[in-house]
Amino acid sequence: MSVIETAPTRLLDGLHSDGRSVPIVEHVGRYGPLPFELRPEELRHRIAESGLTGRGGAGFPTAAKLESVLGGRTRPIVVANGTEGEPPSGKDKVLLAYAPHLVIDGALLAARAVGSKQVVIATTSALHVTIARALAERPREAGIAMRASAVPDRFVAGEETALVQFLNGGPALPTFTPPRPYERGVGGAPTVVLNVETLAHLALVARFGAAWFRAAGTPDEPGSALVTISGAVREPGVYEIELGSPFAQLLAQAGADGSAQAYLVGGYFGTWVKAVDVRGAALSNASLAHFGASLGARAIVVLPADACGIVETARVTRYLAEQSAGQCGPCVHGLAAIAASLEQLVQRGRHTPDAGLLRRRLAQIARRGACRHPDGAVALVASALRVFSDELDRHLHGRRCTAHGRAVLPIP
């Protein structure tokens, strides 16, 4: 995954172009030592004033997540979530591979903010050695024990209850709640799970302050964020963008195909939007909400004119059905049925496609799953039926669609 430095470059500043991780000596030379002189309450106040929100997809206020584990009888545990099971996303992998010490700094500071003595950094197996090596470079800081854990590379493994269950020795599958991880998580202790990009931002907020962080972004969505852009672009990769900056600016920097018909915004739980609609939009949830979308996992895929959005959505829906946690009817039966309906649409075999049945299945599954997995898939398919209505009509009436045999969306 390539890294493209643009303005602002806060998280991506000073990375090695040859792919080497920034070593601890170089990292400390750039940022200085950890600001452990800040008391825990000062750290939490600084994070709250910054307005930093989670960068994993949900966008929950980081300060509120930290506050949620305070006041219990057991010391909390901090988990850095770098699993990134989203196929079109690479931002977390980039941070862990290129700037692991910035993530570790953030995890240590989060631990100090909540009085934790234990940090777990959860990654894919491909990055486990990189993180273990970075941890070995550092002394035991402020009495906080740190370890790395390799998590199975599955779409649902990064969901926080799935991650906690795996760290407790179980399968990496979402669990029915309550209790939530902040109530009883790893080893039964209150556990705060934070995305690795969130922690990297936290490390900078602790050093440079809330006003510095808010100098970028908008009043309601401050700061910068990492975005992965792929598909019909000349320069696919990870970009750091200022929240609220023009959507068209990112497209121009990445060299997006000017004839693109649509964009998938937010990853595989995201939303298809027409290219003509959002070129004047901003890279913020407030702006994208007008089109029923949000930044979500901050993965954007540009769909070229010679691809079919219905075909692409069918491929992704089958993948999501196969990645199901398998713990409730909407996932086990519902997603498979939706995938089958889409495949009938695009293949036109012995069965006549039925768009009405597909829409009824979407309505039956929505908000009935044990976790967010069915709802994410339903939202994706619903947006495809809306945005690619012309393609849908072609498939329903047996006419040739715009797909020329080239797959665009990545399926592991």
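Select R44 first: beyond its neighbours within four places in sequence, R44 is in contact (heavy atoms within 4.5 Å) with A63, E67, L70 and A113. R44 belongs to helix α2, residues 40-50. Helices (H or I, at least four residues) and strands (E, at least two) are DSSP runs numbered from the N terminus. R44 is buried, as its relative accessible area is 18%; buried means under 20% relative accessible area, exposed over 50% and partly exposed in between, with a 1.4 Å probe and protein chains only.

The model is predicted: local features need pLDDT of at least 70, side-chain atom pairs count only at pLDDT 80 or more, and totals for chains, interfaces and linings use all residues. Residues are numbered from 1 along each chain as its sequence is written, and side-chain values use heavy atoms, with hydrogens and water left out.

**Two helix pairs**

Next, select residues 24-31 and 100-114, which are helices α1 and α5; their axes come within 9 Å and cross at roughly 65°. Axes are lines fitted to C-alpha atoms, for helices over the stretch in contact, and angles run from 0 to 180 degrees between N-to-C directions. The two helices, α1 and α5, are therefore roughly perpendicular to each other, the term for angles of 65 to 115 degrees; under 35 counts as roughly parallel, over 145 as roughly antiparallel and the rest as oblique. Show the side chains of I24, H27 and Y31 in α1, which meet H101, L102 and D105 in α5. By class, this contact of α1 with α5 has three nonpolar, two polar and one charged residues. Here Ala, Val, Leu, Ile, Met, Phe, Trp, Tyr, Cys and Pro count as nonpolar, Asp, Glu, Lys and Arg as charged, and the others, Gly among them, as polar.

Move to helix α4 (residues 91-98) and helix α6 (residues 125-136), which pack at an angle of about 35° with their axes 9 Å apart. On the α4 side the contact is made by K93, L96 and A97, and on the α6 side by L127, T130 and I131. These residues of α4 and α6 divide into four nonpolar, one polar and one charged.

**A parallel sheet**

In what order do the four strands of the open sheet lie? The order is β4-β3-β2-β5, and the pairing is parallel; two strands pair if DSSP finds at least two bridges between them. At the edges are β4 (145-151) and β5 (191-195), each of which pairs on one side only. Select residues 77-82 to display β2, which pairs with β5 over five bridges in the parallel sense. Within this region, V79 stands opposite V193 in β5.

**An enclosed strand**

Select residues 299-303, strand β10: five of its five residues are buried, so β10 is largely enclosed by the rest of the structure. A299, V301 and L303 lie on one side of β10, and I300 and V302 on the other. Strand β6 (residues 224-231) pairs with β10 in the parallel sense over four bridges, and G231 has V302 as its bridge partner. Strand β8 (residues 262-265) runs antiparallel to β10 and is joined to β10 by four bridges; the bridge partner of L264 is V301.
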